[in-house]
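Me: I'd like to learn how to read a pocket and its ligand. Where do we start?

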Amino acid sequence: MKIFIDTANVDEIRDAYSLGIVEGVTTNPSIIAREGKKFEDAIKEIAAIVGDETYIFGEVIALEADAMVKEAHEILKLHKNIIIKIPMCKEGIKAVSRLSKEGIKTCVTLCFSASQALLASNAGATYVAPFLGRVDDIGWDGMGLIHEIMEMFDMQGSTTQIVAASTRNPLHIIGLAKAGAHVATIPYKVIMQMIDHPLTKNGLDKFLKDWENVPKA
Ligand code: G3P
(Lines give C-alpha, C1' and ligand atoms only; values in the text may rest on other atoms or scores of the structure.)
Protein backbone atom coordinates (compact mmCIF):
# COMPACT_ATOMS: atom_id res chain seq x y z
CA MET A 1 0.00 0.00 0.00
CA LYS A 2 1.33 3.39 -0.99
CA ILE A 3 1.44 6.24 1.50
CA PHE A 4 0.51 9.78 0.51
CA ILE A 5 0.50 12.75 2.87
CA ASP A 6 -2.75 14.66 3.36
CA THR A 7 -1.59 18.24 3.91
CA ALA A 8 -0.47 21.39 2.12
CA ASN A 9 1.84 22.42 4.97
CA VAL A 10 5.32 22.67 3.49
CA ASP A 11 7.15 21.94 6.77
CA GLU A 12 5.14 18.75 7.25
CA ILE A 13 5.64 17.71 3.62
CA ARG A 14 9.39 18.39 3.76
CA ASP A 15 9.80 16.38 6.96
CA ALA A 16 7.60 13.48 5.83
CA TYR A 17 9.37 13.30 2.45
CA SER A 18 12.74 13.05 4.19
CA LEU A 19 11.58 9.60 5.44
CA GLY A 20 11.66 8.32 1.86
CA ILE A 21 8.32 6.49 2.18
CA VAL A 22 5.83 9.11 0.99
CA GLU A 23 4.82 8.96 -2.68
CA GLY A 24 2.19 11.65 -3.11
CA VAL A 25 0.52 14.73 -1.63
CA THR A 26 -3.23 15.19 -1.41
CA THR A 27 -4.96 18.50 -0.84
CA ASN A 28 -8.53 19.69 -0.69
CA PRO A 29 -10.04 23.18 -0.35
CA SER A 30 -10.05 22.99 3.49
CA ILE A 31 -6.40 21.89 3.58
CA ILE A 32 -5.37 24.71 1.22
CA ALA A 33 -7.38 27.27 3.25
CA ARG A 34 -5.51 26.25 6.42
CA GLU A 35 -2.20 27.46 4.90
CA GLY A 36 -3.50 30.96 4.06
CA LYS A 37 -1.95 30.94 0.58
CA LYS A 38 -3.33 31.16 -2.95
CA PHE A 39 -4.06 27.69 -4.37
CA GLU A 40 -1.57 28.14 -7.22
CA ASP A 41 1.20 29.24 -4.83
CA ALA A 42 0.51 26.36 -2.46
CA ILE A 43 0.73 23.77 -5.27
CA LYS A 44 3.92 25.32 -6.68
CA GLU A 45 5.56 25.34 -3.22
CA ILE A 46 4.65 21.68 -2.71
CA ALA A 47 6.01 20.85 -6.17
CA ALA A 48 9.32 22.50 -5.33
CA ILE A 49 9.71 20.13 -2.36
CA VAL A 50 8.52 16.84 -3.84
CA GLY A 51 9.83 17.18 -7.40
CA ASP A 52 8.36 16.41 -10.80
CA GLU A 53 7.63 12.71 -10.39
CA THR A 54 5.41 12.87 -7.30
CA TYR A 55 1.66 13.03 -7.65
CA ILE A 56 0.03 16.16 -6.22
CA PHE A 57 -3.75 16.14 -5.91
CA GLY A 58 -5.53 19.46 -6.57
CA GLU A 59 -9.29 19.89 -6.36
CA VAL A 60 -11.63 21.83 -8.63
CA ILE A 61 -14.09 24.27 -7.07
CA ALA A 62 -16.50 24.54 -10.01
CA LEU A 63 -19.81 22.70 -9.69
CA GLU A 64 -20.76 22.35 -13.34
CA ALA A 65 -19.07 19.88 -15.73
CA ASP A 66 -17.87 22.37 -18.40
CA ALA A 67 -16.40 24.63 -15.73
CA MET A 68 -14.82 21.66 -13.91
CA VAL A 69 -13.09 20.53 -17.11
CA LYS A 70 -11.88 24.08 -17.80
CA GLU A 71 -10.60 24.45 -14.23
CA ALA A 72 -8.89 21.04 -14.45
CA HIS A 73 -6.90 22.21 -17.47
CA GLU A 74 -5.75 25.29 -15.53
CA ILE A 75 -4.70 23.17 -12.54
CA LEU A 76 -2.76 20.82 -14.83
CA LYS A 77 -0.44 23.71 -15.78
CA LEU A 78 0.87 23.92 -12.20
CA HIS A 79 2.82 20.64 -12.05
CA LYS A 80 3.85 17.71 -14.25
CA ASN A 81 2.01 15.08 -12.21
CA ILE A 82 -1.26 16.60 -11.05
CA ILE A 83 -4.23 14.41 -10.20
CA ILE A 84 -7.47 16.36 -10.61
CA LYS A 85 -9.82 15.88 -7.66
CA ILE A 86 -13.48 16.12 -8.61
CA PRO A 87 -16.27 15.97 -6.03
CA MET A 88 -18.76 13.12 -6.28
CA CYS A 89 -21.92 14.51 -7.88
CA LYS A 90 -23.76 14.29 -11.21
CA GLU A 91 -21.71 17.06 -12.81
CA GLY A 92 -18.53 15.58 -11.32
CA ILE A 93 -19.15 12.20 -12.98
CA LYS A 94 -19.75 13.98 -16.30
CA ALA A 95 -16.48 15.87 -15.91
CA VAL A 96 -14.51 12.72 -14.96
CA SER A 97 -15.89 10.86 -18.01
CA ARG A 98 -14.71 13.67 -20.24
CA LEU A 99 -11.33 14.14 -18.58
CA SER A 100 -10.57 10.41 -18.59
CA LYS A 101 -11.27 10.29 -22.35
CA GLU A 102 -8.62 13.02 -22.69
CA GLY A 103 -6.18 10.83 -20.73
CA ILE A 104 -6.25 13.14 -17.69
CA LYS A 105 -5.83 11.46 -14.30
CA THR A 106 -8.66 12.11 -11.86
CA CYS A 107 -9.72 11.30 -8.32
CA VAL A 108 -13.40 11.25 -7.38
CA THR A 109 -13.49 12.64 -3.86
CA LEU A 110 -16.13 12.80 -1.11
CA CYS A 111 -17.03 9.15 -1.74
CA PHE A 112 -19.21 7.64 0.99
CA SER A 113 -20.81 4.61 -0.69
CA ALA A 114 -19.96 1.66 -2.93
CA SER A 115 -22.48 2.84 -5.53
CA GLN A 116 -20.62 6.17 -5.80
CA ALA A 117 -17.33 4.28 -6.18
CA LEU A 118 -18.79 2.10 -8.96
CA LEU A 119 -19.89 5.16 -10.95
CA ALA A 120 -16.47 6.78 -10.45
CA SER A 121 -14.81 3.62 -11.76
CA ASN A 122 -17.11 3.39 -14.78
CA ALA A 123 -16.42 7.06 -15.56
CA GLY A 124 -12.73 6.14 -15.79
CA ALA A 125 -11.48 7.77 -12.59
CA THR A 126 -7.87 6.93 -11.80
CA TYR A 127 -8.63 7.06 -8.08
CA VAL A 128 -11.66 7.13 -5.84
CA ALA A 129 -11.35 8.58 -2.34
CA PRO A 130 -13.63 7.06 0.30
CA PHE A 131 -13.59 9.17 3.49
CA LEU A 132 -12.99 6.54 6.15
CA GLY A 133 -12.97 8.76 9.26
CA ARG A 134 -16.03 10.77 8.32
CA VAL A 135 -18.03 7.56 7.84
CA ASP A 136 -16.92 6.43 11.31
CA ASP A 137 -17.86 9.89 12.66
CA ILE A 138 -21.54 9.29 11.90
CA GLY A 139 -21.46 5.85 13.52
CA TRP A 140 -21.24 3.86 10.29
CA ASP A 141 -18.54 1.35 9.35
CA GLY A 142 -15.80 3.18 7.45
CA MET A 143 -13.53 0.14 7.14
CA GLY A 144 -16.51 -1.95 6.02
CA LEU A 145 -16.99 0.52 3.17
CA ILE A 146 -13.35 0.11 2.11
CA HIS A 147 -13.71 -3.70 2.10
CA GLU A 148 -16.93 -3.46 0.09
CA ILE A 149 -15.36 -1.22 -2.58
CA MET A 150 -12.23 -3.40 -2.75
CA GLU A 151 -14.31 -6.56 -3.19
CA MET A 152 -16.44 -4.90 -5.86
CA PHE A 153 -13.42 -3.55 -7.77
CA ASP A 154 -11.72 -6.97 -7.61
CA MET A 155 -14.84 -8.74 -8.90
CA GLN A 156 -15.23 -6.23 -11.72
CA GLY A 157 -11.55 -6.03 -12.64
CA SER A 158 -11.69 -2.27 -12.11
CA THR A 159 -8.49 -0.34 -12.71
CA THR A 160 -9.61 2.51 -10.44
CA GLN A 161 -7.48 2.66 -7.31
CA ILE A 162 -8.72 3.35 -3.80
CA VAL A 163 -6.97 6.25 -2.11
CA ALA A 164 -8.44 6.01 1.37
CA ALA A 165 -8.87 9.49 2.85
CA SER A 166 -9.95 10.99 6.16
CA THR A 167 -7.58 8.65 7.99
CA ARG A 168 -7.31 9.51 11.67
CA ASN A 169 -5.05 7.03 13.48
CA PRO A 170 -2.52 4.19 12.96
CA LEU A 171 -5.21 1.52 13.37
CA HIS A 172 -6.98 2.98 10.34
CA ILE A 173 -3.79 2.57 8.32
CA ILE A 174 -3.26 -1.07 9.36
CA GLY A 175 -6.90 -1.82 8.57
CA LEU A 176 -6.50 -0.26 5.13
CA ALA A 177 -3.35 -2.26 4.39
CA LYS A 178 -5.11 -5.49 5.44
CA ALA A 179 -8.12 -4.58 3.29
CA GLY A 180 -5.82 -4.18 0.26
CA ALA A 181 -6.41 -0.45 -0.30
CA HIS A 182 -4.01 0.81 -2.96
CA VAL A 183 -3.16 4.06 -1.20
CA ALA A 184 -3.73 5.64 2.22
CA THR A 185 -3.46 9.39 2.39
CA ILE A 186 -2.41 10.22 5.91
CA PRO A 187 -2.10 13.40 7.99
CA TYR A 188 1.45 14.23 9.15
CA LYS A 189 0.53 13.62 12.80
CA VAL A 190 -0.62 10.07 12.07
CA ILE A 191 2.54 9.25 10.07
CA MET A 192 4.55 10.29 13.14
CA GLN A 193 2.28 8.23 15.44
CA MET A 194 3.02 5.20 13.24
CA ILE A 195 6.73 5.58 13.99
CA ASP A 196 6.46 5.97 17.77
CA HIS A 197 6.08 3.17 20.30
CA PRO A 198 6.80 3.53 24.05
CA LEU A 199 8.65 0.20 24.17
CA THR A 200 10.90 1.27 21.30
CA LYS A 201 11.75 4.47 23.15
CA ASN A 202 12.36 2.63 26.45
CA GLY A 203 14.44 0.00 24.64
CA LEU A 204 16.62 2.59 22.94
CA ASP A 205 17.11 4.51 26.20
CA LYS A 206 18.29 1.27 27.87
CA PHE A 207 20.61 0.33 24.99
CA LEU A 208 22.27 3.74 25.19
CA LYS A 209 22.55 3.59 28.99
CA ASP A 210 24.07 0.09 28.91
CA TRP A 211 26.46 1.22 26.18
CA GLU A 212 28.02 3.58 28.72
CA ASN A 213 29.27 0.47 30.57
CA VAL A 214 30.98 -1.05 27.53
CA PRO A 215 34.79 -0.57 27.72
CA LYS A 216 35.81 1.84 24.98
CA ALA A 217 39.56 1.18 25.02
O1 G3P B 1 -8.42 13.80 2.08
C2 G3P B 1 -9.62 14.12 2.71
C3 G3P B 1 -9.36 14.40 4.13
O4 G3P B 1 -8.49 15.47 4.23
C5 G3P B 1 -10.52 14.62 4.98
O6 G3P B 1 -10.09 14.38 6.27
O7 G3P B 1 -10.11 14.49 8.69
O8 G3P B 1 -11.21 16.32 7.31
O9 G3P B 1 -12.23 14.05 7.46
P10 G3P B 1 -10.97 14.83 7.50
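**Pocket and ligand**

Reply: Start with the lining of the largest pocket: by class it has 11 nonpolar, eight polar and eight charged residues. Ala, Val, Leu, Ile, Met, Phe, Trp, Tyr, Cys and Pro count as nonpolar, Asp, Glu, Lys and Arg as charged, and the others, Gly among them, as polar. This is a predicted model: local features need pLDDT of at least 70, side-chain atom pairs count only at pLDDT 80 or more, and totals for chains, interfaces and linings use all residues. Residues are numbered from 1 along each chain as its sequence is written, and side-chain values use heavy atoms, without hydrogens and water.

Me: Which residues lie nearest the centre of the largest pocket?

Reply: Rolling a probe the size of a water molecule over the atoms shows where empty space is left. Here, Asp6, Asn28, Ile31, Arg34 and Pro187 lie nearest the centre, among 27 lining residues. Helix H2 (29-35) gives the most to this lining, with four residues.

Me: What takes up the space of the largest pocket?

Reply: The ligand does.

Me: Which residues are around the ligand?

Reply: Count a residue as near if one of its heavy atoms lies within 4 Å. That gives Asp6, Asn28, Ile31, Phe131, Arg134, Ala165, Ser166 and Arg168. This shell divides into three nonpolar, two polar and three charged.

Key
On a 1 Å grid over the protein atoms alone, a cavity is a set of points where a 1.4 Å probe fits but cannot get out, and a pocket is an open set with protein on both sides within 12 Å along at least five of seven lines; lining residues have an atom within 4 Å of a point. A molecule sits in a cavity or pocket if more than half of its atoms lie within 2 Å of its grid points. Helices (H or I, at least four residues) and strands (E, at least two) are DSSP runs, numbered from the N terminus.
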